[in-house]
Amino acid sequence: VTKRTPKDYIFGKVIGEGSYSTVYLAKDIHTSREHAIKVCEKQQIIREKKREQVRREKDALNILSNSGSSFFVKLYCTFQDAERLYFVMSYAKNGDLLPYINKVGSFDAACTRFYSGEILRALEHLHDLKIMHRDLKPENILLDQNMHIKVADFGCSKIIEPEDDDTSSDKSILNDSNGGRQRSNSFVGTAQYVSPELLTEKSISPSSDLWALGCIIYQMIAGLPPFRSRSEYMLFKKILNLDYVYPDGFTADAKDLVQKLLVIDPNERLGSKDTQRYTSIRSHPFYDGLDFDTLHLTNPPPIY
Ligand SMILES: NC(=O)Nc1ccc2c(c1)=C(Cc1cc(-c3cccc(C(=O)NCCN4CCCCC4)c3)c[nH]1)C(=O)N=2
């Protein structure tokens, strides 16, 4: 297969921007298919010391693109020219989840169950492949033309190296010298959804994505994330003190589920001891009656 070049695409509007990348809507001139092409400026990557993150993103996307799950953006091909790197990915026609939450203010129970259920399925698949996202938030949950989710942006992801993990697909955190968590020397993620362990010990575990799931479920119901402050210092203090409240509109089941995910100790978070599937989250009363295994085959409930 001949390597693609930018000349194989008609570039359209900007559909996403990052510190070292811009995402364009583009059309493949040979297939007329629409794609999202993430363009990274090489100089910017070097200036922002993001080479490691770009490599991790490509590795994670390559693993996911061949893993058969529909819950992630697919990486079709990559190429480069003198100044830039190009990642050709799936185009999710309906953009990300955040404008939908903002537009309706609060999801009803059916929407919250459906969309948080699809995110949980995506996390089961991701963690079984030993990949942590580490920057899960509504802006990274995209919606395809049928309104099913596609998780995007693996720039902060981390692949747990096989030699680190002596148990197959065990979701409990890794056993090593410092009490069972791998140390990461870089703070990653977005402040409002970052887990306490990433703030303090800089340790990482799949359970950090479960904390972010708890924040997203809260936000689907409340319309805003649980921890908010104009100052990052105050925001981190609120996270570490579990300083959040439930506004009206939270059923007892929803409150109980969020409370069991927003737990300081990653070992004690609902699901952190599960293997293969997050059965202890699937079986929470909040999800009573939801068939997780056919979510991707059913019509999503309308968001209104
Ligand atoms: N950091 C990254 O890797 N980012 C990526 C990667 C892949 C990718 C990606 C980002 C995508 C982002 C994206 C953005 C958009 C988009 C941008 C601007 C407007 C719209 C839009 O209006 N969509 C219609 C849906 N609206 C949304 C708001 C409520 C009313 C209805 C979509 C569509 N897809 C995408 O489709 N594929």
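1. A word on classes to begin: Ala, Val, Leu, Ile, Met, Phe, Trp, Tyr, Cys and Pro count as nonpolar, Asp, Glu, Lys and Arg as charged, and the others, Gly among them, as polar. On that basis, the shell around the ligand holds nine nonpolar, three polar and six charged residues.

2. Please keep in mind that this is a predicted model, where local features need pLDDT of at least 70 and side-chain atom pairs count only at pLDDT 80 or more, while totals for chains, interfaces and linings use all residues. Residues are numbered from 1 along each chain as its sequence is written, and side-chain values use heavy atoms, with hydrogens and water left out.

3. Now to the ligand itself. There are 18 residues around it, and Ala36, Lys38, Ser90, Ala92 and Tyr100 come nearest (a residue is near if one of its heavy atoms lies within 4 Å).

4. Some polar contacts are worth a look (pairs of N or O atoms within 3.5 Å). An oxygen atom of the ligand lies 2.6 Å from a backbone N or O atom of alanine 92, and an oxygen atom of the ligand is 3.1 Å from a side-chain N or O atom of lysine 38. Aspartate 153 has a side-chain N or O atom 3.3 Å from a nitrogen atom of the ligand. The protein covers 72% of the 770 Å² of accessible area that the ligand has on its own (Shrake-Rupley method, 1.4 Å probe).

5. Where does the ligand sit? The ligand is in the largest pocket, meaning that more than half of its atoms lie within 2 Å of the pocket's grid points. A pocket here is an open set of points on a 1 Å grid over the protein atoms alone, with protein on both sides within 12 Å along at least five of seven lines; lining residues have an atom within 4 Å of a point.

6. The largest pocket has a volume of about 820 Å³, the space filled by probe spheres set on the points. Of its 33 lining residues, Gly16, Glu17, Val23, Asn140 and Asp153 are the closest to the centre. By class, this lining has 12 nonpolar, 10 polar and 11 charged residues.

7. Which element gives the most to the lining of the largest pocket? Strand S1 does, with four residues, whereas H3 gives the most to the shell around the ligand, with three residues. Helices are DSSP runs of H or I with at least four residues, and strands are runs of E with at least two.

Conventions. Polar contact = N/O pair within 3.5 Å; in protein donor to acceptor, adjacent residues only side chain to side chain. 1 Å grid on protein atoms, 1.4 Å probe; cavity = no way out; pocket = protein on both sides within 12 Å on 5 of 7 lines; lining within 4 Å.
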